[in-house]
Structure formats: structure tokens, C-alpha cells
Amino acid sequence: MDSEALKKYSALHPKPAGLTLQYGTAGFRTKAEQLDHVMFRMGLLAVLRSKAVVSTIGIMVTASHNPEEDNGVKLIDPLGEMLHPSWEEYATQLANAEEHELQQTITEICQKAAVNQQKDASVFIGRDTRPSSEKLSQSVIDGIFVLGGQYHDYGLVTTPQLHYVVCCQNTQGQYGKATLEGYYEKLSKAFTELIKQSSSSGKSQKHLKIDCANGIGALKLSEMEPYLPKEVLIQLYNDGTKEKLNHLCGADFVKVHQKPPRGLDMKPNERCCSFDGDADRIVYYYQDATGLFHLIDGDKIATLISIFLKELLVKVGQSLKMAVVQTAYANGSSTRYLEETLKVPVHCVKTGVKHLHHKAQEFDVGVYFEANGHGTVLFSKAAETKIRHLAKEEKDNEKREAAKVLENMIDLINQTVGDAVSDMLVIEAILALKGLTLQQWDAVYTDLPNRLLKIQVADRRVIDTTDAERRAVTPPGLQEKIDALVKKYKLSRAFVRPSGTEDVVRIYAEADTQVRA
């Protein structure tokens, strides 16, 4: 480590006095002007992580669904997964170290994580369309340079695309080609194969209006369009040419406000969906003939995918274990439908994508979606090998065809992370193959009425939870009071949990009517 170069470059990216940040599920995220030193130091950390695991590491500059003036950064591990929890601590230490402690902190991380400084390091960088992202990704490059790492800057990409290329690179191309063309080709080829088998049920079925949150999704969908079959008629709205990123639009806005985004004119029963700013979340929605708005969120997406995969797994006739992973926020009706009607096991984990992803890895087929529309499907290596073998070798026609559909689903799904583009194509393929309208999909089960509130508190740590955050352990007496209230109403459930990022407590309740909720 060249301590003179470190000093010199660190001085160009000074840490604001008194600022402390915590690396969480979303990495670091705050006002863009406070992030320069963090970006430089995450460049340093990515090099150390790359040397420690002898693989390419990804760095994505984005604040996802946050307002345009914010920004953030997250590191991507070798197989496209989120940064290992032990390294989240190192990220926090490094970001908060004072200038004069920087070299000492790096040395400590190298000792604790057994980093061999002689190894080569390789980092892939991507960024979203925020005005601050280009300058901030330059700060990342400075950090990589100081510690002698190699880098490849992909420039403007969706978050899931960077996860994808990192995984491709580290699997020596087994997962796909580590280029955007490779991503477009793999997904569109699988999608085209799937919809070949669908009966063309009228044009209205294939029309889809997409709200791109004035973010990167619009740019990348435009690039991808030439790869897609002619039958796909997508219209992009909020494409970033006029309005601000995530302002009154995007998946998060639609989910929270239960209304259409600004800039998208909805006609009755038209198919619409919204991405978030970095295109890793998606929700669908429509307006019925009476003008009522219907949201189809992550729970309903998970259910649709589960119905489809379960039918195929039954046809293939293999004993592959499938499960759905949810958080406490999943609507009770979805859990009941999956367990009682579909007979698919459901597991509940703590809030946060990393918990869902981790649990989903325990099954042959693990489906996970947060209600906010972030999710994907994971296939175990064994399940994938078996399915690909059956698609080629199976003598029984029906079984072989079902295996082929599953094989194309494996290729269409971005298994590294929730991906709005991939998830949209998966949903479109399933609706086409099953000949379903949005209204029929929506009617699979009816959401229980619910309320989600947040209360500002002095210290969120006074509340501690257990049972995947569904029960409060402290303060004493709180859970008993909740239980007593829940007993009074039908189909009711409620919980409180501290936010992972701010001093607020989140309160969720559902019951058989909105008034009771």
C-alpha cells in the first residue's frame, strides 16, 4: 500500500466533520453532496474484497427509489449477491474513519479478513442517471486506483444488470456473457421461446404501459427493444427526458399512494406497470370500469409465479422442493392462499432482501418477493441440472415440454437479484401462456384491508422483536396489548418493528374490513 498516494488522494475526498453513516441493506444512502469520501473509500474496500475472495466485485452508484438529490453506493459480491454481512461492518468502519486513521483502518481490515495484498483486484462499476452519479463514480475509480486495482466502468446500467455481469464474470461465462448485449440476448431468447407456445389471444393482451420513474429503466428498455419479438408492444412513460427521477412516479410512489404515477394516462382495464429509479422493483396495476385503482404488488407477483412453476413441477414429476419466502409485511391473504390452496410452504423472515435471498437458497425452487415489488426466483444447482437434463433427454412428450418451459424460465429470471426488466418479461410470458388478463390475475385472492404507519420516536432501539419481527419482546407489556387488540377482530394481525434505517417505528395492522384495520 502506497501511503503517500493514499494520503494525497484521501485529501481530495475529505470526510465532512461529524458525519457518521451505516452500511445497511441498501448500502450507504444519503444526500449526494455528503458522499464523495464514501465513494472513494468504497473504491478502496472493493479492491480489498476482491483480493480477499480472488474474484471480481461490483460497485453500483445509485439511491434506487430515493429522491433525485440523494445518492448511494452498494457493493456486489462475486455471484451477484449482496455484500457479505461481515464486510458491511468493514464498510461502516472505513466510511467513518477520520483521515489520519484511514491507513490503520485498512491494515486492520486486511488482518481481520485475511486479505492477501499481493493478489490482483478487479472491480466492475455501474451508475444510475442521477446528476451526481458520474462525478461520484469517478471518486470510486480514484479509490480503486490508489490500491492498484483494475476496473471496468459499465457506465449507465440498471442495478440488476451490474449484479448480472458480475455473476457472469465470476462463473467464467456459465451464467452468461458479462456484457449488456449478453444480458439482452439471454433474456430475449428465453422470452421468445416461451411466448411461442402461447395462443395469440388478441392484441390488448400484449399492450403494456411502463412507467420508468424517469430513471435508467427507460434507457435500457429502449436498448433492449430490438431484441424482443414484434408481438411485445410496450410504451414507455416517464422516460427521464422531462421530469425528475422518482418524482410522483415509480414503483414506490404507486405502492405507497395506491394511485397511478404522474405522466401516465390510464384507460379502464389497461395493463400498466411501474419500475423504480434503478429498475430493481416492479408493481403492476390497472383501473377498472368504475375508475377504481387496483394495485398488483409483490405478493401477487410471487403468487402468479408460484402457481405457474408449481403446475410445471407437477407435470415434470420430479420431487423438487419449492417454497415461497415472505416478510411480515406480506398480506395475510397471500400467505393463506399459498399455504391452503396452492399447498406451497411459506417461510417468513426478517425484513430486508438479504434475508429473503438467503432463505430462498435453501430450496430447489425458492420464490421471494417483498410487497414493494422487489424479488426473484432461485433455482438450486441440482434442480437446474435436473431440469436441463429432462428438457433434452426425457422421452415422455408432456414431461419434456414442461421441462423446456422451466428451462426457459431459468434463463429468463435474473437469479442474482430482483430485476424489474426480467420480472416484467416473466410476468408477461406467464400471462400469455395462461391466457390471463390482469383482472383475472388480480382476482386469484383478495387482499385483506391493512394500514401501515410510521411513528417518529426518540430511540427506535427500545423496541426489540422476535419471530421474524412479528412479535415485540421489549418494552415489556407491549406485545400483550397488541394481542388483546388483535383478539377483538376477525382475520386480524398486527405488529410493530423498529425501522432499519431511521428513528421511526413501523406499525402494521390488517383485518377483515378497512375500518377494523
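Colleague: Let's start with N246. Which residues does N246 touch, leaving out those up to four places away in sequence?

Modeller: In this predicted model, N246 touches S64, H65, N66, R130, A213, D276 and G277. These count as contacts because heavy atoms lie within 4.5 Å.

Colleague: How far apart are N246 and N96, in sequence and in space?

Modeller: They are separated by 150 residues in sequence and by 29 Å in space, going from C-alpha to C-alpha.

Colleague: Now S132. Why is S132 called buried?

Modeller: S132 has a relative accessible area of 18%. The limit for buried is under 20%, so S132 is buried too. Its place is the loop between β4 (122-127) and α5 (133-146). Leaving aside residues up to four places away in sequence, S132 touches A32, D70 and N71.

Colleague: How many of the chain's residues are buried, as a percentage?

Modeller: Buried residues make up 56% of the 517 in the chain.

Colleague: What makes a set of residues a nonpolar core?

Modeller: The members must be buried residues of the nonpolar kinds, joined through side-chain atoms within 4.5 Å. The largest such core here has 85 residues, and F275, Y284 and L309 have the most contacts inside it. Apart from that core lies another, of 43 residues, including L21, V61, A95 and L136.

Colleague: Which residues does F275 touch, again leaving out those up to four places away in sequence?

Modeller: Among them are I210, L221, A251, I282, V421 and M424. The list for F275 also includes D211 and R281.

Colleague: How do you know whether the chain agrees with a compact globule?

Modeller: With 517 residues, a compact globule would have a radius of gyration near 24 Å, and the chain has 23 Å, so the two agree. The C-alpha atoms fill a box of roughly 65 × 60 × 50 Å along the principal axes.

Colleague: What share of the contacts with a separation of 6 or more joins residues 24 or more positions apart?

Modeller: That share is 69%.

Colleague: Last one: how many side chains are positive and how many negative?

Modeller: There are 63 positive and 67 negative side chains, and the centres of the two sets lie 4 Å apart. His is not in either count.

Conventions
Residues numbered from 1 in each chain as written. Predicted model: local features only at pLDDT ≥ 70, side-chain atom pairs only at ≥ 80, totals over all residues. Heavy atoms only, no water. Rg over C-alpha atoms; globule rule 2.2 N^0.38 Å. Buried < 20%, exposed > 50% of the residue type's maximum accessible area, 1.4 Å probe, protein only. Charge placed at Lys NZ, Arg CZ, Asp CG, Glu CD. Helix = DSSP H or I, 4+ residues; strand = E, 2+ residues; numbered from the N terminus.
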